[in-house]
Amino acid sequence: MQFNWLFYSDTNAQADLLEEALQKRDQALKRVVYLERLFDYLKTESNAAVIIRAHTVYNAYQLCSELSVKYPQLYIVLIIPDNMENARKAMQAGASNTLRFSHDKDEVRDIIIHAEKYMNHRKQLEEITEMDPSLLDQKVISICSTKGGAGRTSFTVNLALALSGEGQRVAVLDGDVQFGDAAMYLDLRPRKTIYEWIKEGENRTELDIDSFMTKHDSGVSVMPAPSRPEFFEMVTADDIQLVIQEMKKIYQIILIDNSAAISEVQLQCLNESDEILLLTDGTLPCVRNTKLYADTLDSMELKEKVRLIHNRSRKKDGMDPKKIEELTGLNIYVSLPDQQQLVERSIEEGRPYVMDNPKKPLSKQVQGMARKLLTGSDEVHKKNSKKLFSKAK
Ligand SMILES: Nc1ncnc2c1ncn2[C@@H]1O[C@H](COP(=O)(O)OP(=O)(O)OP(=O)(O)O)[C@@H](O)[C@H]1O
Ligand SMILES: [Mg+2]
């Protein structure tokens with residue numbers, strides 16, 4: 001990365017060693033003699049390091065103090081006489097580093113490396129904090145099924161971790177507002193829930209929604225369901241719309257663990273979603289209901305968003321995937337193998353299987369599915385590489 005290296009000296013001081021060392025690293029040193037010019041440069045150039053050796057017009061420490069206050073991001077190196085007293089003064093003046101008058105090549109090289117590391121790091125931080133989630137291709141994804149116990153919650157939390165492992169900022173919204181237990185599946189004990197956020201009333205959008213969510217070690221955040229089932233009546237479709245809107249300000253992906261029962265809240269979740277992952281377990285009643293559900297979504301013009309997930313698929317005695325596709329009228333997007341022991345242990349311990357058992361076939365499928373959702377293809381991509389969503393559906 002190219003940085004702006006400025007050398008300020010109000011005397012005729014040379015900077016040969018610095019110039020030489022920077023040249024070796026394909027960087028150039030800009031010499032500045034007039035203070036006004038230095039300030040002009042700093043006004044326009046970000047990512048700059050300034051090396052100061054001032055004598056006459058301006059006291060170096062005073063200049064350093066002024067610059068460090070005015071440009072807190074600036075990397076400042078003071079060239080000072082060789083004694084500790086001056087080093088201390090330099091630090092007090094806000095210098096990032098010092099170079100002795102009698103510096104040699106090695107010292108110069110070390111200073112440059114240190115400055116580059118600092119500037120690189122700062123640039124990365126800037127990129128992260130400047131990233132406006134609304135400018136990114138975000139996704140709200142609902143996970144649903146027509147019957148309880150189809151595997152929605154365990155799948156949701158594992159998919160959340162897999163997506164987070166791909167470098168995405170992920171949140172889980174527990175859409176099962178009466179009996180939701182997504183937080184429990186991650187062994188989290190929430191202090192606040194969607195209920196506390198709703199209770200804030202009119203002012204809630206001015207509050208930091210993140211402070212109502214609970215964070216898992218993986219980085220995944222959860223907006224938990226109310227702590228008591230009877231509080232569910234407090235949660236309206238409008239609240240759901242608003243909570244999703246607020247979460248979108250922070251997160252790239254919002255996974256909604258829906259309830260099996262169709263309600264206004266659930267319909268709102270589906271309406272707000274870009275994709276609907278519909279789980280079926282391959283038993284005849286469930287497959288039949290899935291068909292009915294798909295038809296209902298069709299009548300609501302939501303069918304385009306639906307992707308069928310065949311959970312608990314079994315090679316030997318399960319329903320033939322082709323039959324499932326035929327009966328539901330949907331193509332299977334991903335099949336998740338039946339691994340009961342693994343899933344049950346993971347739920348019991350509150351430790352997602354993709355985290356503790358990443359090599360198991362089920363974990364691999366969920367990880368592959370995360371990549372597929374991000375890229376639109378089955379290709380395996382390098383971990384933590386920056387990904388943008390494919391628009392292709
Ligand atoms: N891939 C799988 N392989 C084997 N068993 C599974 C799988 N997925 C889910 N299960 C079983 O289904 C049970 C229910 O899973 P989970 O709680 O995730 O479902 P749910 O749809 O969220 O249920 P609820 O309707 O109670 O919210 C698990 O305890 C596990 O026994
Ligand atoms: Mg559940």
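Below is a short chat about a predicted model and the ligand in it.

Colleague: Before we start, how are the residues numbered?

Modeller: Residues count from 1 along each chain as its sequence is written, while chains are lettered from A and ligands numbered from 1 in the order in which they are written. The model is predicted, so to speak with care: local features need pLDDT of at least 70, side-chain atom pairs count only at pLDDT 80 or more, totals for chains, interfaces and linings use all residues, and side-chain values use heavy atoms, with hydrogens and water left out.

Colleague: OK, ligand 1. How many residues surround it?

Modeller: There are 18 around ligand 1, and the closest are Gly-149, Thr-153, Ser-154, Tyr-185 and Gln-339. A residue is taken as near if one of its heavy atoms lies within 4 Å.

Colleague: What kinds of residues are in that shell?

Modeller: Six nonpolar, eight polar and four charged. Here Ala, Val, Leu, Ile, Met, Phe, Trp, Tyr, Cys and Pro count as nonpolar, Asp, Glu, Lys and Arg as charged, and the others, Gly among them, as polar.

Colleague: Which elements give two or more residues to the shell?

Modeller: α6 (152–165), β12 (306–313) and α12 (340–349), with α12 giving the most, four residues. Helices are DSSP runs of H or I with at least four residues, strands runs of E with at least two.

Colleague: Switching topic: what order do the sheet strands come in?

Modeller: β8-β9-β7-β10-β6-β11-β12-β13, an open sheet of eight strands with mixed pairing. The edges are β8 (214–215) and β13 (332–337). Two strands pair if DSSP finds at least two bridges between them; β11 (275–280) and β12 run parallel, joined by five.

Colleague: Last one: is Gln-266 buried or exposed?

Modeller: Gln-266, in helix α9 (264–272), counts as buried because its relative accessibility is 1%. Buried means under 20%, exposed over 50%, partly exposed in between (1.4 Å probe, protein chains only).
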